[in-house]
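Let us walk through a protein model step by step. Keep the sequence and the 3D view side by side as you read.

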Amino acid sequence: MQHRNGRNAALAALICLGLAACQTLPPPSLLPPAQQQSLEQRGTDGSFEGAFDTAETFERFNDPRAIAYYERAAAVTPWTFHNTKAEEALGRIWISGTLRYADSPHINPGPVLRASWRRGERAYLAAAYHGNPYAFYELAKAYRQRGDAQQALRWDLRGMIYQRYPSSSSRLPDAVAAQGDSVHPLVAQIQRRAERGDPEAQVDLGALLEKGVGLPRDPARALQLYQRAGEKGNVFGQYFAGLLLGRSAPGVDKNPDAAAAWFAKAEAQQFYMAAPSYWREAIKPPFFSFSE
């Protein structure tokens with residue numbers, strides 16, 4: 001009897017393993033075998049376009065092989081700003097645990113993926129620190145949903161500096177408005193960390209001061225903080241120092257030469273928006289502004 005029970009238990013375990021394995025297998029593709037082979041050959045030709053196009057095609061058919069090709073595209077050398085598109089796509093997939101078209105009724109059902117916060121965060125951070133502005137907003141959203149107000153604020157602020165004004169989803173500046181005679185607790189925490197020399201917090205505090213969010217506006221002090229962070233190698237300190245010097249603000253004179261030097265430091269760290277073709281556009285005056 002024990003032998004039979006043991007066999008039944010082993011059989012049940014094998015069935016469970018088989019079902020679990022089926023959940024991770026790619027669904028049948030609607031692509032003809034010859035087209036699949038051609039697609040995979042292109043995806044391994046060493047080019048970004050080949051890997052990324054293959055990834056997008058597999059994703060359109062809810063095929064999880066898309067992930068491997070996005071990873072190939074993100075790692076392609078020589079590195080260009082295109083790599084950040086693949087990093088952003090990986091962040092989206094791992095944070096959500098789904099492919100883009102998983103719910104579409106017109107194609108095969110999406111595979112069961114296991115969401116991975118760590119992988120998604122790592123991919124989005126890679127994209128953000130390479131200058132992909134969409135990753136700023138996605139990180140803010142992901143951290144907010146996770147309940148990490150400090151990190152959500154960080155990426156809301158960075159998106160705000162990049163586009164000159166806060167997004168509606170960030171709820172800035174009301175989200176960190178002073179409470180009576182005291183600054184908001186999140187702002188107070190940033191101040192303490194910045195005073196201890198944390199370069200990320202120095203960038204955060206600089207952003208608050210540059211736009212007068214949660215604190216009285218002080219662009220000159222913001223520039224000092226950006227430069228301190230930039231001197232320590234912080235790419236956002238370098239990029240934001242360049243933006244502020246290139247755009248100018250009360251207390252900060254326009255200085256394109258100094259701005260170019262900071263942008264060059266950021267570009268050397270593969271922050272693609274610090275390339276001349278991007279920053280020269282970024283420092284141009286907006287069509288209108290209520291705060292500048």
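A residue is called buried when its relative accessible area is under 20%, exposed when it is over 50%, and partly exposed in between, using a 1.4 Å probe and protein chains only. Thr57 sits in helix H3. Helices here are DSSP runs of H or I with at least four residues, strands are runs of E with at least two, and both are numbered from the N terminus. Thr57 is in contact with Leu31 and Leu39, leaving aside neighbours within four places in sequence. Contact means heavy atoms within 4.5 Å.

Some ground rules come next. This is a predicted model, in which local features need pLDDT of at least 70 and side-chain atom pairs count only at pLDDT 80 or more, while totals for chains, interfaces and linings use all residues. Residues are numbered from 1 along each chain as its sequence is written, and side-chain values use heavy atoms, with hydrogens and water left out.

Now step back to the whole chain. How many helices and strands does the chain have? There are 14 helices and zero strands. Of the 292 residues in the chain, 44% are buried. Look also at contacts with a separation of 6 or more: residues 24 or more positions apart account for 56% of them.

Next, find the nonpolar cores. A nonpolar core is a set of buried Ala, Val, Leu, Ile, Met, Phe, Trp, Tyr and Cys residues joined through side-chain atoms within 4.5 Å. In soluble globular proteins, nonpolar side chains tend to be buried together. The largest core here has 54 residues, and Leu208, Tyr226, Tyr239 and Phe271 touch the most other members. Helix H12 (residues 235-247) gives the largest share of this core, eight residues. Apart from it lies another core of 21 residues, including Leu39, Ile67, Tyr70 and Leu99. Return to Tyr226 for a closer look. Not counting residues up to four places away in sequence, its contacts include Ile161, Val203, Gly237 and Phe240.

Turn to helix H5 (83-96). H5 has 14 residues and reaches 20 Å from its first C-alpha to its last. That is close to the 20 Å expected at 1.5 Å a residue, where the expected span is 1.5 Å times one less than the number of residues. Is H5 largely enclosed or largely open? H5 is largely enclosed by the rest of the structure, because 10 of its 14 residues are buried. Among them are Asn83, Glu87, Leu90 and Trp94. Their cover includes H3, helix H4 (65-75) and helix H6 (117-129). Just after H5, Gly97 takes a positive phi of about 75°.

Picture a 1 Å grid over the protein atoms alone: a pocket is an open set of points where a 1.4 Å probe fits, with protein on both sides within 12 Å along at least five of seven lines, and lining residues have an atom within 4 Å of a point. The largest pocket holds about 470 Å³ of space. This volume is the space filled by probe spheres set on the points, which are joined across faces, edges and corners. Of its 23 lining residues, Glu88, Ala89, Arg92, Arg100 and Tyr124 are the closest to the centre. H3, H5 and helix H7 (133-146) each give two or more residues to the lining. H5 gives the most, with seven. The lining divides into 10 nonpolar, four polar and nine charged residues. Here Ala, Val, Leu, Ile, Met, Phe, Trp, Tyr, Cys and Pro count as nonpolar, Asp, Glu, Lys and Arg as charged, and the others, Gly among them, as polar.

Finally, check the loops. The peptide bond from Thr77 to Pro78 is cis, with omega near 0°. Pro78 lies between H4 and H5. Another cis bond joins Leu172 and Pro173, and Pro173 is in the loop between H8 and H9. Asn62 has a positive phi near 55°, though it is not a glycine. Asn62 lies in the loop between H3 and H4. With 0% relative accessibility, Asn62 counts as buried. Gln270 also has a positive phi, of about 65°. At 34% relative accessibility, Gln270 counts as partly exposed.
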